[in-house]
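Q: I'm new to this one. Can you walk me through it?

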Amino acid sequence: PAARHALCDVFVDGCHTVESTVACMRWFLGKRAAEHDAAVAVVFNCSTDRNANALLATVSAFAHSAGVRIDRAVFTPFAPFRTPVREDDPTFIAAAVDSDADSKDPLSWQRSVRDTWIQIGNDPDAAFVEANVQDALERAEVPGTRTLVLVCGSLYLAGSALQ
């Protein structure tokens, strides 16, 4: 599904294997073909039991082979919002404790994944880490430019983005 926010269209896919990421990128790049002047951003997270390098390499390779520049890549945990609505809300639990988070540095996994993105040849100045999906979606938008944002890497991330 895609959602529209001012100058930003958000495309959400729960891909979490190389095979599903290939299908996701074919779908997304097909949608992007009609809007070749738009900026492109990726919001990504996957659980630590997934091969982040393989998933990100697939995203990067497909974009590059299609001649698409990824203007921003944002890495975020599964927490959907800046602050949970109330303690008995299931999103509160997701926001308070990301099962893959290091208790001393809850964004250590996202920093590691961002570093992987950079190591496979992507722009370090366009790679960011945000503490939640809400902030990640805001960071993904290129100001003043129509932006197509692909949210991918996890079904949990897809669910958080759709909230």
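A: One term to begin with: a polar contact is a pair of N or O atoms within 3.5 Å, where, within protein, one must be able to donate a hydrogen and the other to accept it. Also keep in mind that this is a predicted model.

Q: Fine. Which backbone atom lies 3.0 Å from a polar atom of the side chain of serine 154?
A: The backbone nitrogen of tyrosine 156. The 3.0 Å between that nitrogen and the polar side-chain atom of serine 154 is within the 3.5 Å cut-off.

Q: Where is serine 154 found?
A: Serine 154 sits in the loop that runs between strand E6 (147-152) and helix H6 (155-162).

Q: Is serine 154 buried or exposed?
A: Buried: its relative accessible area is 5%, and the cut-off for buried is under 20%.

Q: What is serine 154 in contact with, leaving aside neighbours within four places in sequence?
A: Asp13, Gly14, Cys15, His16, Asn45, Cys46 and Phe78.

Q: Let's step back. How many helices and strands are in the protein?
A: The protein has 6 helices and 6 strands. Starting at the N terminus, their order is β-β-α-β-α-β-α-α-β-α-β-α.

Q: And how much of the protein counts as buried?
A: 47% of its 163 residues. As for contacts between residues at least 6 apart in sequence, 78% of them join residues at least 24 apart.

Q: Now helices. At what angle do H1 and H2 pack?
A: About 30°, with the axes of helix H1 (residues 18-33) and helix H2 (residues 52-65) 9 Å apart. H1 and H2 are therefore roughly parallel to each other, since angles under 35 degrees count that way. Their crossing is right-handed.

Q: Which residues make the contact?
A: On H1, Val18, Thr21, Val22, Met25, Arg26 and Leu29; on H2, Ala54, Leu55, Thr58, Val59, Phe62 and Ala63. Sorted by class, the contact of H1 with H2 has 9 nonpolar, 2 polar and 1 charged residues.

Q: What about H2 and H4, how do their axes cross?
A: At roughly 45°, and the axes of H2 and helix H4 (residues 108-119) come within 9 Å. That angle makes H2 oblique to H4. The crossing of H2 and H4 is right-handed.

Q: Which residues are involved there?
A: H2 contributes Ala52, Asn53, Leu56, Val59 and Ser60, while H4 contributes Trp109, Val113, Thr116 and Trp117. The class count for H2 with H4 is 6 nonpolar, 3 polar and no charged residues.

Q: Serine 60 is in that list. Is serine 60 buried or exposed?
A: Serine 60, which is in helix H2, is buried, with a relative accessible area of 4%.

Q: What does the side chain of serine 60 make a polar contact with?
A: The side chain of asparagine 122, at 3.3 Å. Apart from neighbours within four places in sequence, serine 60 is in contact with Trp117, Ile120 and Asn122.

Q: Change of topic: where does leucine 7 lie?
A: In the loop between strand E1 (2-5) and strand E2 (8-12). Leucine 7 counts as partly exposed because its relative accessibility is 38%.

Q: What does leucine 7 touch, not counting residues up to four places away in sequence?
A: Glu141, Gly144, Thr145, Arg146 and Thr147. Leucine 7 and glycine 144 are 137 residues apart in sequence, and their C-alpha atoms are 7.5 Å apart in space.

Notes
Residues numbered from 1 in each chain as written. Predicted model: local features only at pLDDT ≥ 70, side-chain atom pairs only at ≥ 80, totals over all residues. Heavy atoms only, no water. Axes fitted to C-alpha atoms, helices over the stretch in contact; angles between N-to-C directions. Helix = DSSP H or I, 4+ residues; strand = E, 2+ residues; numbered from the N terminus. Parallel < 35°, antiparallel > 145°, perpendicular 65-115°, else oblique. Left-handed = near helix turned anticlockwise from the far one by under 90°. Contact = heavy atoms within 4.5 Å. Nonpolar A, V, L, I, M, F, W, Y, C, P; charged D, E, K, R; others polar. Buried < 20%, exposed > 50% of the residue type's maximum accessible area, 1.4 Å probe, protein only.
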